[in-house]
Amino acid sequence: MKTKVEQLSIFGGTPEFADKLHVGRPNIGDRRLLLRRIQAALRRGWLTNNGPLVQEFERRIAEFVGVRHCIAMCNGTVAMEIATRASGLSGEVIVPSFTFIATAHALQWQQITPVFCDIDPETHTLDPKSVERMVTPRTTGIIGVHVWGRGCDVDALKRIARKRKLKLLFDAAHAFGCSINGRMIGGFGNAEVFSFHATKFMNTFEGGAVTTNDDDLAATIRLMKNFGFAGYDNVIYIGTNGKMSEISAAMGLTSLEAVDSLICHNRNNYAEYLEALKGIPGTALLNYQDHEKSNYQYIVMEVDEGKAGFSRDALLFILHAENVIARRYFFPGCHRMEPYHSLFPHAGMLLPVTESLVKRVLCLPTGRAIGRRSIRRISEIIRLVSGNAQEVNERLRRLKAI
Ligand code: T4K
């Protein structure tokens with residue numbers, strides 16, 4: 001255990017971890033079951049195009065979430081593009097800037113303007129009051145993001161959508177296995193979109209899905225994800241290729257069977273971090289609510305530089321040098337990335353909470369690859385920095401790292 005500042009790797013010490021600890025190491029279920037499913041698919045010689053594994057995956061996801069329809073896709077971004085297009089969105093759509101860039105890109109890719117909206121400082125999800133202010137005659141929809149698996153204020157957003165006659169969709173990329181007021185995420189709004197990317201709580205290597213209770217919307221999405229084919233030689237709609245492969249569905253089914261044990265592992269990690277980081281001034285972990293289901297996939301730390309005595313970025317540099325590859329999701333905010341920054345250079349003026357949050361958030365490693373001992377060691381590094389903030393800052397300044 002390191003007890004002195006000079007032992008920190010950034011100042012010449014040996015890294016705390018010999019191998020890199022990443023945020024987003026894949027959670028992998030029972031490998032034997034996975035390989036058995038893949039062997040069966042190879043024997044059948046049916047590798048994609050609505051194969052039996054994809055059908056089973058869709059059925060079981062719909063059942064798990066409690067919705068009428070699940071349409072599996074090749075990734076979450078294409079699923080979002082198809083969901084928004086099938087929902088008839090155009091003009092302007094209100095989205096948070098505090099999200100992965102894919103939420104905005106899925107719109108811009110279709111010449112729909114993402115209008116960036118501010119968030120609630122506690123939940124990091126869309127602030128309904130800001131949403132109301134952003135509605136214009138060109139607005140056709142709202143996309144809330146259940147960031148970190150914390151649910152949006154679905155009731156308030158629903159009221160606004162109804163009053164203003166807007167479509168309401170949710171980016172549920174982080175939120176598989178999570179609930180809002182006891183109801184599983186996946187059934188809110190007109191449709192919700194999951195990501196099953198390798199780094200997500202539940203993965204299909206690459207993958208995603210749209211879930212909805214709207215029969216017509218589901219039928220349109222099914223057509224769109226398969227070039228608009230309604231049968232052999234019969235194209236009745238404009239479409240693209242959004243299909244999930246059988247190998248991805250094999251991974252998905254295997255991941256789905258591991259959900260309970262993954263949640264248990266992640267919840268223990270979260271509790272371990274809470275305990276190990278307790279009382280460090282100016283730092284706090286995002287609160288997962290006990291009365292809701294959560295997947296605990298993200299350990300989200302906020303560093304308030306004024307109170308902590310060190311900045312989020314100083315901590316990031318120090319942890320990286322120790323081979324703890326913490327991530328500052330979603331810095332610097334979509335509105336500061338291209339093409340949005342050039343299109344709306346002053347967007348930040350309307351996003352004070354986002355602008356402040358992107359400087360404070362740090363995601364720490366968790367998942368199956370991380371356990372109690374690693375968490376203790378990561379936390380001790382953070383405690384060492386906190387206890388010696390002034391000296392750490394002086395040394396970092398000398399290194400021109402801050
Ligand atoms: N909406 C939201 C809110 C999202 O967060 C995302 C995706 C989407 C929509 C779009 O869904 P998809 O189209 O992706 O299905 C990652 C992921 O690539 C991205 O899927 C995810 N959000 C985002 C939050 O995180 P990066 O740039 O951090 O990815 P990457 O490749 O650097 O992976 C992070 C770390 O994970 C690596 O440093 C190492 C580790 N890793 C990664 C992969 C791919 C592994 O250990 N094994 C792996 O196979 O964006």
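Two housekeeping points before we look. This is a predicted model, so to speak of local features we need pLDDT of at least 70, side-chain atom pairs count only at pLDDT 80 or more, and totals for chains, interfaces and linings use all residues. Residues are numbered from 1 along each chain as its sequence is written, and side-chain values use heavy atoms, with hydrogens and water left out.

Let's start with the ligand. There are 24 residues around the ligand, and Arg 25, Thr 77, Asp 171, Lys 200 and Tyr 329 come nearest; a residue is near if one of its heavy atoms lies within 4 Å. By type, that shell has eight nonpolar, twelve polar and four charged residues. Here Ala, Val, Leu, Ile, Met, Phe, Trp, Tyr, Cys and Pro count as nonpolar, Asp, Glu, Lys and Arg as charged, and the others, Gly among them, as polar.

Where does the ligand sit? The ligand is in the largest pocket. A pocket, on a 1 Å grid over the protein atoms alone, is an open set of points with protein on both sides within 12 Å along at least five of seven lines, and a molecule sits in it if more than half of its atoms lie within 2 Å of its grid points.

Why does the ligand lie between domain 1 and domain 2? Domain 1 (5-24 + 259-326 + 365-399) and domain 2 (31-257) both give residues to the shell, so the ligand lies between them. Those bounds come from an automatic or database domain assignment.

Now, the backbone. Most residues other than glycine have a negative phi, and most peptide bonds are trans. Tyr 329 to Phe 330 is a cis peptide bond, with omega near 0 degrees, and Phe 330 is in the loop between β13 (324-325) and α12 (340-343). Phe 331 to Pro 332 is also cis, with omega near 0 degrees, and Pro 332 lies in the loop between β13 and α12.

Finally, Asn 50 has a positive phi, near 55 degrees, and is placed in the loop between α1 (31-44) and α2 (52-65).

Notes: On a 1 Å grid over the protein atoms alone, a cavity is a set of points where a 1.4 Å probe fits but cannot get out, and a pocket is an open set with protein on both sides within 12 Å along at least five of seven lines; lining residues have an atom within 4 Å of a point. Helices (H or I, at least four residues) and strands (E, at least two) are DSSP runs, numbered from the N terminus.
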